[in-house]
Amino acid sequence: MFARALEPGGADGALASIAPLVDRALALYADGAATARQTSAVLMCRARVLGRLVQDAPDEAAAESAVAGLEQGARELLAFAEPLRAEAGVATRVAEALDLLGDVAAFRGDPHGALERYERAAAEAEGAGLPWYAVEYEAKTSGLAAQLEEYERAEAAARAALEHGAAFVPARGRARLHLRLAEILAGTGQFAEAADQALDAAHWADESGEGGTLGAHARHQLGGWLLRLDRAAEAAAVLEAVLPDITVEEHGDGMVVQTLWWLGDALTELREPREAAEHWLRAADIARGWPEQHDHAMLANLAAQALYRADLDPQAELAYARAGELWRGLGDVPALVRTLRVRAWIAIREGQPGPEAARAFMASAARECEAALAAGPADGVPGLLAELADTHRQTGELIAHVCEGEPGEAPEYEEALGYVHRAVAGFTEAGDGFVGLRTAAELMAGWLEADLGRPDAARERARRVLEVHGSGEPDETGEERRAEAEALLDYVDRRTGASGA
């Protein structure tokens, strides 16, 4: 009868045919001519046909009606079977009825009610000494609990499903159970065991002949979790191996992009920036067509950084230009400004346009900040002020860097110092969240003043930095600033001592 319901449009006919059989089975049971197992089997068959009607419903109204019918059929099955669960073969009917009622609750947007029924269904099967029968219900419990972020509940159910199904679940099912547990573990930060479970999932996917689909998904996740564990070499090996199996057609462009993204991250950790850039650029080209462009911009920016680290200056310049335009389109002024500043530093590398082009990029970065400050919301002002200040600081650093004369005599050092003064003032205006950047600019000004033969001004800068970072809990930034301030004082003392001698 249920086989008939599986045929296209066959559920209505199957339901009509089974209705008199239900009445007949109940009557025979009442007369003692049918067992509880036989009668519950007929009730179960009707409930399954009602479930098929839900799946085949053409619209929401039909689905609601079908769900109401399924609920009634499942409750009638439960009412019949529950008092008779001790009889042979009946306990599984109780579990199945609870499972269907869980489906009803899920359909009606009651996940907590569904979860409670799935757990009861699993408990009925286990209580009857049929733990393998509980696997499906435990899998449903695990998935729904994970969606509700009840991770302990989800993990326990997933482990139970794996334990109970070890000798009975086919390879494909075992792969899915291992992957489910892996994802739950990763959700709670247990990446080491998540990686182990993903490896098991990949193995069982291969055994089931689904290495290129389910297995590829498991290896994709494995690579990401190995990366989270700082096992970059292993992550790169896994991701490079699985990359040919991951296609837009089979897995979707999001999964392809994420695999390439992770592979770029892994290769960066392994100090292979050129190869990392290739993968990020490929991912960026895929993300180019997405409606939301943030990932495209991020990938273009990452590729630019990698090309810069690989000393591929023309390619890095093009990638930063692309990233900058994307950030501009997204209205992310700080990100745009950072691309302009890096392009300035690229411009002074060998074979590139030179200092004038570099200064033009820095000036453009400053103008972007100033325009945004003039029009921007109040909550973005401190960050924009800090970006403008850092642009001034880097402009001063760039001017001093390309200066060809002696520090004490070159007018460029005076110009550089003027920019750094503006940077200190800007970081001060930006507020307490930028103290570390302000003291870095103070020290840079101090070094310039020392080279310009102004020891007292340089000492005053160093002492201010020591005062700022000399109190409170020690931190890495504070220790670095104190060490540099002490080095500046020592440098000034040596210079003044040498000149006095």
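Contact here means heavy atoms within 4.5 Å. With that in hand, take Glu 449. Glu 449 touches Leu 417, His 421, Arg 454, Ala 457, Ala 458 and Arg 461, leaving out residues up to four places away in sequence. Glu 449 sits in helix H22. Is Glu 449 buried or exposed? At 6% relative accessibility, Glu 449 counts as buried. The cut-offs: buried is under 20% relative accessible area, exposed is over 50%, and partly exposed is in between, with a 1.4 Å probe and protein chains only.

Quick ground rules. This is a predicted model, where local features need pLDDT of at least 70, side-chain atom pairs count only at pLDDT 80 or more, and totals for chains, interfaces and linings use all residues. Residues are numbered from 1 along each chain as its sequence is written, and side-chain values use heavy atoms, with hydrogens and water left out. Helices are DSSP runs of H or I, at least four residues, and strands are runs of E, at least two, numbered from the N terminus.

Now the helix pairs. Two packed helices are described by the angle between their axes and the distance between the axes. Axes are lines fitted to C-alpha atoms, for helices over the stretch in contact, and angles run from 0 to 180 degrees between N-to-C directions.

Start with H21, residues 411-430, and H22, residues 435-451. They pack at about 155 degrees, axes 9 Å apart. H21 and H22 are therefore roughly antiparallel. The crossing of H21 and H22 is left-handed. That means the near helix is turned anticlockwise from the far one by less than a right angle; clockwise would be right-handed. Who makes the contact? On H21, the residues include Leu 417, His 421 and Phe 427; on H22, they include Leu 437, Met 444 and Glu 449. The contact residues divide into 12 nonpolar, 2 polar and 4 charged. Nonpolar covers Ala, Val, Leu, Ile, Met, Phe, Trp, Tyr, Cys and Pro; charged covers Asp, Glu, Lys and Arg; the others, Gly among them, are polar.

Next, H22 with H23, residues 455-469. Their axes come within 8 Å and cross at roughly 160 degrees. So H22 and H23 are roughly antiparallel too. This crossing is also left-handed. Glu 449 is one of the H22 residues here, and Arg 461 and Arg 464 are among those it meets in H23 as part of this contact. The division is 8 nonpolar, 3 polar and 5 charged.

Over to the rings. How many aromatic pairs does a search of the whole structure find? It finds 4. Rings of Phe, Tyr and Trp (its six-membered ring) pair if their centres lie within 6.5 Å; planes under 30 degrees apart are stacked, over 60 edge-to-face, the rest tilted. Tyr 29 lies in H2 and Phe 80 in H4, so the pair ties together parts 51 residues apart in sequence. Tyr 29 is partly exposed at 27%. Phe 80 is buried at 13%.

Last, backbone. Most residues other than glycine have a negative phi. Asp 230 has a positive phi, near 60 degrees. Asp 230 is in the loop between H11 and H12, and is exposed at 69%. Asp 311 has a positive phi of about 60 degrees. Asp 311 is in the loop between H16 and H17, exposed at 52%.

Terms used:
Angles under 35 degrees count as roughly parallel, over 145 as roughly antiparallel, 65 to 115 as roughly perpendicular and the rest as oblique.
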